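This briefing goes through a predicted model.

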Amino acid sequence: SLASTAITCFTRGLDLRKETEDVLCPANCPLWQFYVFGDGVYASLSSICGAAIHRGVITNAGGAVRVQTLPGQENYPAVNANGIQSQVLTRWASSFSVTRIKNTVLEAVGRSVSTARPSTGKRPKKPLDKKAGNKDCKADIAFLIDGSYNIGQRRFNLQKNFVGKVAVMLGIGTEGPHVGVVQASEHPKIEFYLKNFTAAKEVLFAIKELGFRGGNSNTGKALKHTAQKFFSLENGARKGIPKIIVVFLDGWPSDDLEEAGIVAREFGVNVFIVSVAKPTTEELGMVQDIGFVDKAVCRNNGFFSYQMPTWFGTTKYVKPLVQKLCSHEQMLCSKTCYNSVNIGFLIDGSSSVGESNFRLVLEFISNVAKAFEISDIGSKIAAVQFTYDQRTEFSFTDYTTKEKVLSAIRNIRYMSGGTATGDAISFTTRNVFGPMKDGPNKNFLLVLTDGQSYDDVRGPAAAAQKAGITVFSVGVAWAPLDDLKDMASEPRESHTFFTREFTGLEQMVPDVIRGICKDFLDSKQ
């Protein structure tokens with residue numbers, strides 16, 4: 001007989017390892033806790049058992065399901081079926097389908113796939129492991145708790161118990177999640193930082209000790225303060241690990257959350273809102289902005305908001321929240337324009353530029369590059385110099401630290417020669433961006449030139465844009481505006497820069513950086 005793997009109510013498609021796998025769903029899963037995205041073809045983020053009930057393959061009595069891995073797609077639809085409301089998802093990297101298993105005798109194998117920790121074989125019961133924590137859930141988390149008069153002393157204590165349970169289930173440890181707590185009331189107070197404790201026991205004790213502050217529910221003020229101040233390296237934030245703020249809100253905030261949400265997204269922080277006892281119809285008149293949850297969360301896609309009816313009997317809400325916080329690949333706001341772009345500089349080395357102006361061009365490039373978080377997992381920089389010929393000064397994979405990139409830019413030697421900008425764009429698209437085309441970062445090309453090109457720029461620039469590269473043109477002195485506009489991405493006005501003098505390049509730095517970031521954000525929405 002074919003063996004099938006016993007799974008939990010919360011096991012997701014992406015927790016399975018095989019292309020096709022037979023699984024056994026348990027009985028009596030809580031329907032309202034299922035996350036299901038799509039219909040028929042489900043995003044791999046979806047609960048398998050939830051999808052199977054939604055599809056009508058099994059009922060809530062559980063049973064055997066065959067799961068088939070499928071490629072990712074765009075626009076998973078929301079459909080209500082068999083008591084489960086599936087949700088919309090704009091795009092996801094992989095999917096799965098669920099079907100009935102035809103008449104095979106199934107026996108459940110003891111190996112249960114738990115979800116908070118994807119199965120990696122047996123976890124050794126060494127004391128050492130406990131110190132390391134749950135390595136499958138790497139995250140730096142700030143719990144922003146409600147300390148306002150809205151919640152009151154009694155429910156504040158229930159909130160502390162709930163946060164404590166979430167903290168324990170996360171599996172805090174040196175290699176696992178780190179947490180800190182901020183209390184929101186009239187003024188925000190950082191109670192403890194990520195670096196203060198790395199063991200669940202210590203965190204629990206610190207949470208128990210928290211005193212209730214009282215005051216207005218200035219959650220917006222607290223969220224902005226936390227996004228800006230909490231996640232610094234000196235306060236214990238780790239590089240390349242998702243930053244998360246979980247906002248607990250009893251009722252509604254006294255202030256505005258919109259600006260705080262924007263700041264958090266700019267800082268690369270993923271904001272979740274756990275709302276408890278949300279405003280009733282009679283209370284809505286008192287709420288400053290009814291859409292406060294949507295304005296604050298990382299993405300308004302259903303994943304980042306979480307509701308609990310009251311603070312009583314919340315134990316069953318702990319695990320689904322922990323699973324969300326451990327879904328590394330769902331943290332859409334970790335990517336910011338500063339840490340998720342490849343910028344290629346195409347530098348005119350023609351004889352009209354001259355040695356001293358060429359230095360000013362290199363200074364401009366350094367100042368733009370300096371703004372980005374350059375690392376092997378972050379943004380990357382490349383540079384090509386051209387005359388009639390092209391020379392790759394360094395490619396995207398040559399240097400993975402800011403210091404090395406800046407020193408490589410300083411060491412670029414001036415070529416001097418003619419101007420074939422079109423050829424140079426084709427060369428760069430093929431040789432410098434070609435190897436990066438399936439990477440996670442968004443691609444940008446900055447073309448710097450001081451004169452008329454001897455060849456056609458329009459065709460090569462269009463080909464670069466078709467290959468997914470956003471082109472900015474930066475012209476100096478005799479560079480004709482028509483050429484610059486022909487090279488630039490749409491809308492051409494905002495992708496074209498011009499200055500009469502090379503000394504004018506310096507003033508353009510902030511606008512160029514802002515342009516890159518604006519395009520990055522637009523591409524993510």
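The largest nonpolar core of this predicted model has 68 residues, and the members that touch the most others are F143, L170 and L325.

**Contacts of F143**
- Leaving aside residues up to four places away in sequence, F143 touches V163, V166, L170, V179, G180, V181, V182, V246, F248 and L325.
- Two of these partners, L170 and L325, are named with F143 as the core residues touching the most other members.

**The six-stranded sheet**
- Six strands form an open sheet with mixed pairing, in the order β12-β11-β10-β13-β14-β15.
- Its edges are β12 (189-192) and β15 (305-308), each of which pairs on one side only.
- On average, neighbouring strands of the sheet are turned by 20 degrees against each other, direction ignored.
- Four bridges link β14 (residues 269-276) to β15 in the parallel sense.
- Opposite I273 stands S305 of β15.

**The helix across the sheet**

**Domain annotation**
- An unreviewed UniProt entry places the feature "domain: VWFA" at residues 140-325 and 342-512.
- Residues 140-325 are 33% helix and 20% strand, with their end C-alpha atoms 10 Å apart.
- Residues 342-512 are 36% helix and 23% strand, and here the end C-alpha atoms lie 14 Å apart.

Methods
Residues are numbered from 1 along each chain as its sequence is written. This is a predicted model: local features need pLDDT of at least 70, side-chain atom pairs count only at pLDDT 80 or more; totals for chains, interfaces and linings use all residues. Side-chain values use heavy atoms; hydrogens and water are left out. A nonpolar core is a set of buried Ala, Val, Leu, Ile, Met, Phe, Trp, Tyr and Cys residues joined through side-chain atoms within 4.5 Å. Buried means under 20% relative accessible area, exposed over 50%, partly exposed in between (1.4 Å probe, protein chains only). Contact means heavy atoms within 4.5 Å. Two strands pair if DSSP finds at least two bridges between them. Helices (H or I, at least four residues) and strands (E, at least two) are DSSP runs, numbered from the N terminus. Axes are lines fitted to C-alpha atoms, for helices over the stretch in contact, and angles run from 0 to 180 degrees between N-to-C directions. UniProt positions are given in the numbering used here, feature names are shortened, and annotations may be inferred rather than shown by experiment.
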